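Please look over the sequence and the model below. This report takes a few parts of it in turn.

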Amino acid sequence: MSEASWYDYPQYFDMLFRDETASEVEFFQQAFERYGNGPIKRLFEPGCGTGRLVIAMAALGYDATGLDLSDPMLSYMKQRLKRRGLTATAINGDMADFHFDAPFDAAFCTFNTFRHLLTEQQALAHLNCVADCLNDQGLYVLGMHLDPEEEYDPVVERFTSRSNGTVLKTVISVPQSDLKRRQETLRIKLNAVQRSGKKVRIVSEFPLRLYTAKQLKRLLKKASDRFEIVETFDFGYDIDDPQPFDSELLEALLVLRKIG
Ligand SMILES: C[S@@+](CC[C@H](N)C(=O)[O-])C[C@H]1O[C@@H](n2cnc3c(N)ncnc32)[C@H](O)[C@@H]1O
């Protein structure tokens, strides 16, 4: 098994997350309807990866832009847009340091992408950049796993996905977790067997910042001149089932609104 970056294998990333896309997209639309201030047309996703969400929103008629640091991810997104005859904007950039001239009506960043920002400074820079590029009262849907307050043993998650004759086995584990440094290492093991019989086996590790509900609240308080918390949900993506933002919330899906 060779070491590589998970994000250099966009097709396998996409296979794993594809089933989540429809419920996320439905939730975004419901949140726009319920909490938005007027029509929402222009959308932005920082850390858009393969563009699975940007593409789905473009297919619904939104004017969508995704930004990511990974060229393989962005190339994959452009290819898929072309294949489907859709238009969206793919930009190579850092989600802690970006600027757009024309503002967006809403933005979204789910599935722990925000946790790639390893320091409070980067996280706040990101929130400020997102606020700067949103219209007044623009929405920001932010989703991530949170840690419980007490020590716990991380679980190992195993998934099998199938597409176009490829069988993909993905194992996600957390070999290291440092609560003091607020950082964990995520290990992704991919084992793909393509229709041709070709095998791809890689292991990828990268750090993510840890947040308990309290720590995330504290961070958002520091950005409270830019965003207010409108409502909190979980990864059930059920707009009619808001959840208390407390230590029990381990899959956080926040709807934020730009102050202004
Ligand atoms: C877990 S993937 C999520 C992709 C996408 N949001 C989704 O839900 O399918 C995280 C993505 O964030 C990107 N990323 C990590 N750090 C970044 C940064 N500082 N600026 C821009 N993109 C970043 C990675 O390249 C990767 O594509």
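## Strand S12 and its partners

Histidine 145 has a bridge partner in S12: glutamate 251. This is a predicted model. Strand S6 (residues 134-145) pairs with S12 over seven bridges, in the antiparallel sense.

S12 also pairs with strand S11 (residues 227-233). That pairing is antiparallel too, with six bridges. Here glutamate 231 stands opposite valine 255 of S12.

How enclosed is strand S12 (residues 251-258)? Seven of its eight residues are buried, so the rest of the structure largely encloses the strand.

## Arginine 52

Helix H3 covers residues 52-59, and arginine 52 lies in it. Is arginine 52 buried or exposed? Its relative accessible area is 9%. Buried means under 20%, so arginine 52 counts as buried.

The side chain of arginine 52 makes a polar contact of 2.9 Å with the side chain of threonine 21. Leaving aside residues up to four places away in sequence, arginine 52 touches Asp14, Phe17, Glu20, Thr21, Glu24, Arg80, Thr110 and Phe111.

## Aromatic pairs

How many aromatic pairs does a search of the whole structure find? The count is 23. One of them joins tyrosine 7 and phenylalanine 206. Their ring centres are 5.4 Å apart and their planes meet at 35°, so the pair is tilted. Tyrosine 7 sits in the loop between strand S1 (2-3) and helix H1 (10-17), while phenylalanine 206 sits in strand S10 (residues 199-209). The pair therefore ties together parts that are 199 residues apart in sequence. Tyrosine 7 is partly exposed, at 22% relative accessibility. Phenylalanine 206 is buried, at 11%.

Another pair joins phenylalanine 28 and phenylalanine 108. The ring centres are 4.4 Å apart and the planes are at 25°, so this pair is stacked. Phenylalanine 28 belongs to helix H2 (residues 21-35) and phenylalanine 108 to strand S5 (residues 104-109), so the pair links parts 80 residues apart in sequence. Both phenylalanine 28 and phenylalanine 108 are buried.

## A cluster, and charges over rings

Which residues form one aromatic cluster? They are Trp6, Tyr7, Phe13, Phe17, Phe27, Phe111, Phe206, Phe233, Phe235 and Tyr237. Tyr7 and Phe206 are the tilted pair described above. Phe17 and Phe111 are among the residues that arginine 52 touches.

Charged side chains also meet rings. Arginine 209 lies over the face of tyrosine 211, 5.7 Å from the ring centre. Lysine 217 lies over the face of phenylalanine 245, 5.1 Å from the ring centre.

Note on methods:
Residues are numbered from 1 along each chain as its sequence is written. This is a predicted model: local features need pLDDT of at least 70, side-chain atom pairs count only at pLDDT 80 or more; totals for chains, interfaces and linings use all residues. Side-chain values use heavy atoms; hydrogens and water are left out. Helices (H or I, at least four residues) and strands (E, at least two) are DSSP runs, numbered from the N terminus. Buried means under 20% relative accessible area, exposed over 50%, partly exposed in between (1.4 Å probe, protein chains only). A polar contact is a pair of N or O atoms within 3.5 Å; within protein, one must be able to donate a hydrogen and the other to accept it, and residues adjacent in sequence count only if both atoms are side-chain atoms. Contact means heavy atoms within 4.5 Å. Rings of Phe, Tyr and Trp (its six-membered ring) pair if their centres lie within 6.5 Å; planes under 30 degrees apart count as stacked, over 60 as edge-to-face and the rest as tilted. A charge sits over a ring if NZ of Lys or CZ of Arg is within 6 Å of the ring centre and within 35 degrees of the ring normal. Two strands pair if DSSP finds at least two bridges between them.
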